[in-house]
Protein chains: 2
Amino acid sequence: MTAVPAITPCGAANRYTINPMAERYSLMIHGGAGELDRVRNGLKVRPYLNALRRILVRGKSILKEGGTALDAVETCVAMLEDDPLFNAGRGSVLNAAGKVEMDAAIMDGRNLGAGAVAAVSGIANPVKLARRVLACSEHVLLAGAGALAFASEQGIVTVADDDLVTEFRRKQHEKACKAGHVTLVQDPPVPEHRHGTVGAVARDSEGNLAAATSTGGLVNKRRGRIGDSPIIGAGVYADNHSCAISATGYGEEIMRAVLAKHIASLVEFRNLDIYAAARDGMTYFANRVQGRGGVIAIDRQGRCASGFTTKTMIHGWLELGGRIAVTIRRQAGNTSL
Amino acid sequence: MTAVPAITPCGAANRYTINPMAERYSLMIHGGAGELDRVRNGLKVRPYLNALRRILVRGKSILKEGGTALDAVETCVAMLEDDPLFNAGRGSVLNAAGKVEMDAAIMDGRNLGAGAVAAVSGIANPVKLARRVLACSEHVLLAGAGALAFASEQGIVTVADDDLVTEFRRKQHEKACKAGHVTLVQDPPVPEHRHGTVGAVARDSEGNLAAATSTGGLVNKRRGRIGDSPIIGAGVYADNHSCAISATGYGEEIMRAVLAKHIASLVEFRNLDIYAAARDGMTYFANRVQGRGGVIAIDRQGRCASGFTTKTMIHGWLELGGRIAVTIRRQAGNTSL
């Protein structure tokens, strides 16, 4: 595991001075942190980058037209869920029972409003269901059959597992089962495809922050396992007073570190800028829980940062209304991409 | 809602200087924050206080004999679960479907190890199942049927709902249903009995911290609703570098505030002592999310603090090997107890 986090020096804005004339909306999305390695597994990078760019174009248009950060992150994450390249919604991995169980959450930085669903099956867009939990229920987190009953009341149509499961995921699961990889962490069968959680963070032109995260979880995970994605403060967090965060990686390590809230607290209580907070958060994550994963973050001024302890992280952004950038960024020292 | 938190000036130790000769183990337990009001509902206070004292005596003996903080909090919370007075294990409230669904978590401050279960039925001691998740699984949080499958593998015998449900809870649920209280927050049917989550925090003589929380949740909650108790950083948190926390109250508000981690961050990043951190945490909780609930907290030096925004909080403690104290503490200004 690489302990040194990569901090993204992204966007055109000067790191410490913000141009007051710039459009103040910013958007970041990610398709997971992992061990993607083109040389080793012949993975085609271009489709991932094209997907990120297409989704950022859509998210930018929402923010440019005065849409809310909450709408932007919901739309971007729903598009990532719809794309079978990513491990969320369609394209989700299979658990030990050979089923899809997905987690998702969304958070509104204005009032810390939050909605989340965990271990749900047959939902095409878990992030949209999470938004309904935020908007239409008195609860924050609904799991399993209870979440599906709520979806039904809300008129959200369920889909068959077959509509969510791709041929690639089916083969991946068969391979993992044949190899006897029922336990997960100790001996990952195909590291580069074991997580590909998606997420988005945004700041709209009103200065409001929002974050959303969605995932199919870990390949071969135990039935009923809930990861960090639907946990407020772990895989998702947004507070207008500090920053918006979406995390990805090994959920158990992210939950134990309460990673998103940790980084927000570094901003709020230590007055770190978002770059330093992402860096220090990743150092803490690596040192304290040997954490493998990454984050995207936008602060109240709209500055964008990312950090990860894995080999690579797939992400893209536009800072303060600027140009769209997409990358499968690798740790310094990894030259295989 | 009372916004001013009560800070417990508990124990015999001087607030700012610790006697190095004192035994350095400390223990706090709680039986929920709420609207208990002896005058209004004729509630008998004595059984609650006797139960807390009996459980603290047992916990103290564990710590005095060199037992770990983790063992002490597990034992105390299991005893609170066994006591039908409290809303956890036996005595849990019923959800909208008339069923018991319980949440519990335990956390080890040495390495941020954590185990939790959510929306489980038929488990006499959810905290013991959470301890097994911590010790014997590669996951942090298991929910519903998946958690029960894990319990079965671990040889934990399930019990019938009837063994957990008391006559009082059955009547309470019927009353809530008749009154049409399907939604929870806006119009609580019997505020003083809608939460009674239990929890424990400890520091052992080795200086290790641990925390555990367990609950039956809110009366008439939606099926599949998960509250703050099993969420690391919300209803439970322990880190040897800062403090151990167990929270109670309206779980949705605690989750949105990421309350336990917030207080730990005040200790870690703002260098507040545990009294100031509990006070500032409660002020934040009240102001930012109009939070109703409370916390118990022990810092790395073994100092004990509590804070709550509700009318009352049932809790007890022993600080640095000192005398056992139990109280149904009320906010300043409430003189009905």
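**View 1. Chain A superposed on chain B.** Chain A can be laid on chain B by a turn of 180° and a shift of 0.0 Å along the axis, with an RMSD of 0.0 Å. The two copies are thus related as by a two-fold rotation axis. The superposition is by least squares on the C-alpha atoms of residues with pLDDT of at least 70 in both copies. This is a predicted model: local features need pLDDT of at least 70, side-chain atom pairs count only at pLDDT 80 or more, and totals for chains, interfaces and linings use all residues. Residues are numbered from 1 along each chain as its sequence is written, chains are lettered from A and ligands numbered from 1 in the order in which they are written, and side-chain values use heavy atoms, with hydrogens and water left out.

**View 2. The interface of chain A and chain B.** Each side is counted by contact (heavy atoms within 4.5 Å). Chain A brings 47 residues and chain B brings 47 residues. The copies meet through the same surface, because 100% of the interface residues of chain A are also interface residues in chain B. The area buried between them is about 4,200 Å², and carbon and sulfur atoms give 58% of this. In chain A, the residues that lose the most area to chain B are A:Arg222, A:Phe269 and A:Arg288, together 18% of what that side buries. Buried area is the accessible area (1.4 Å probe) that two parts lose on being put together, summed over both.

**View 3. Polar links across the interface.** Between chain A and chain B, 24 residue pairs are in polar contact, both residues at pLDDT 80 or more. A polar contact is a pair of N or O atoms within 3.5 Å; within protein, one must be able to donate a hydrogen and the other to accept it, and residues adjacent in sequence count only if both atoms are side-chain atoms. Four salt bridges also cross the interface. The rule asks for a side-chain nitrogen of Lys or Arg within 4 Å of a carboxyl oxygen of Asp or Glu. One joins B:Arg288 to A:Asp239, with the closest N and O atoms 2.6 Å apart.

**View 4. A sheet with strands from both chains.** Strands here are DSSP runs (E, at least two residues), and helices are DSSP runs (H or I, at least four), numbered from the N terminus. Two strands pair if DSSP finds at least two bridges between them. S4(A) pairs with S7(B), residues 225-226, in the antiparallel sense over two bridges. A:Leu141 stands opposite B:Ile226 in S7(B). An open sheet of nine strands, with mixed pairing, runs S7(A)-S4(B)-S3(B)-S2(B)-S6(B)-S5(B)-S1(B)-S12(B)-S13(B). Its edge strands are S7 of chain A and S13 (325-330) of chain B.

**View 5. A salt bridge within chain A.** The side chains of A:Arg292 and A:Glu253 meet in a salt bridge (2.6 Å, N to O). A:Arg292 lies in the loop between H10 and strand S10 (293-299), and A:Glu253 in helix H8, 39 residues apart.
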